[in-house]
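I'm opening my notebook on this one. Here is what I looked up, entry by entry.

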Amino acid sequence: MKKRKIDLVVISDVHLGTYGCHANELLSYLNSIDPKKIILNGDIIDIWQFRKRYFPKSHLQVIKKLIDFSAKGVEVVYITGNHDESLRRFSDTKLGNFSLVDKLVLELNGKKAWFFHGDVFDASIQNAKWIAKLGSWGYDMLIRLNRYINWFLLKIGREKYSLSKRIKNSVKKAVKYINDFEKVAADLAIDNEYGYVICGHIHQPQMEKKTNRKGSCIYLNSGDWVENLTALEYHKNRWKLYRHTEDRLTAFYADEELKSMDYKDLLAAITIVQPPKK
């Protein structure tokens with residue numbers, strides 16, 4: 001099956017190492033595209049909730065797939081988030097086609113695009129990290145419970161149901177937090193004359209023009225691979241919000257070599273650093 005050519009792909013909030021991560025769906029998506037550049041906009045590996053007893057094969061396959069992209073000449077930029085903040089000590093590291101940064105500015109179609117995760121706007125993380133970590137643990141447990149509920153709903157012929165979305169949409173504070181986050185990000189982008197501001201963190205996929213008295217910009221959020229299964233794509237000077245549940249092709253797993261590797265082979269392939277191809 002022919003892969004879609006894309007200039008730029010933005011993925012965030014994958015949360016590898018947690019029960020909520022939809023690694024198989026992400027693998028299917030990655031195998032369906034042929035990108036020139038991949039931006040991983042934070043919280044790809046969930047170091048906050050890392051457990052030795054839970055890091056399944058599919059999660060390793062995602063890491064190996066990203067390494068393979070880099071080895072084949074695709075530029076991969078990893079922007080650190082709050083759940084992988086321990087990587088920030090290695091910021092501005094570059095190895096072949098892979099680089100690790102805290103933020104990124106690119107020029108797209110004559111406009112500056114500002115990429116960053118977004119946790120800098122979260123007061124709970126900046127002032128009381130233990131509360132944020134407790135909330136993250138509770139969110140993961142809610143996602144696990146939701147999977148059992150959805151399994152039962154599908155068995156009886158009913159549609160899937162998202163507990164976390166229901167809670168977020170019914171709690172005014174959660175809605176206000178999302179709206180405030182988007183406004184602050186857009187206002188800062190306009191102040192700094194950025195045409196686009198691209199975030200993650202709040203797990204709310206979005207593409208919207210934001211305007212204030214000083215000007216306007218396009219606010220974009222890549223969503224997540226826990227609930228929404230979304231990514232941002234930029235191709236031929238246009239942005240698209242990819243939604244796996246709506247836009248996916250037929251079952252797509254073209255990388256047979258990756259699929260056939262066992263856990264030990266995957267771990268060895270990831271941990272043994274190969275020199276970049278010229």
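Below are my notes on a few helices and strands.

**Ground rules.** I'm working with a predicted model, where local features need pLDDT of at least 70 and side-chain atom pairs count only at pLDDT 80 or more, while totals for chains, interfaces and linings use all residues. Residues are numbered from 1 along each chain as its sequence is written, and side-chain values use heavy atoms, with hydrogens and water left out.

S7 (residues 111-115) runs parallel to S8, joined by 3 bridges; Ala-113 has Tyr-196 as its bridge partner. S10 (residues 215-221) is also parallel to S8, with 4 bridges, and there Leu-220 stands opposite Ile-198. Strands pair if DSSP finds at least two bridges between them.

**Helix H1.** Why did I note H1 (residues 23-30) as largely enclosed by the rest of the structure? Because 6 of its 8 residues are buried. Among them are Leu-26, Leu-27 and Tyr-29.

**H2 and H9.** Next I checked which residues meet (contact: heavy atoms within 4.5 Å). From H2 (residues 57-71) and H9 (residues 263-271), the meeting residues include Leu-60 and Ile-63 in H2 and Leu-266 and Ile-270 in H9.

How values were computed: Helices (H or I, at least four residues) and strands (E, at least two) are DSSP runs, numbered from the N terminus. Axes are lines fitted to C-alpha atoms, for helices over the stretch in contact, and angles run from 0 to 180 degrees between N-to-C directions. Buried means under 20% relative accessible area, exposed over 50%, partly exposed in between (1.4 Å probe, protein chains only).
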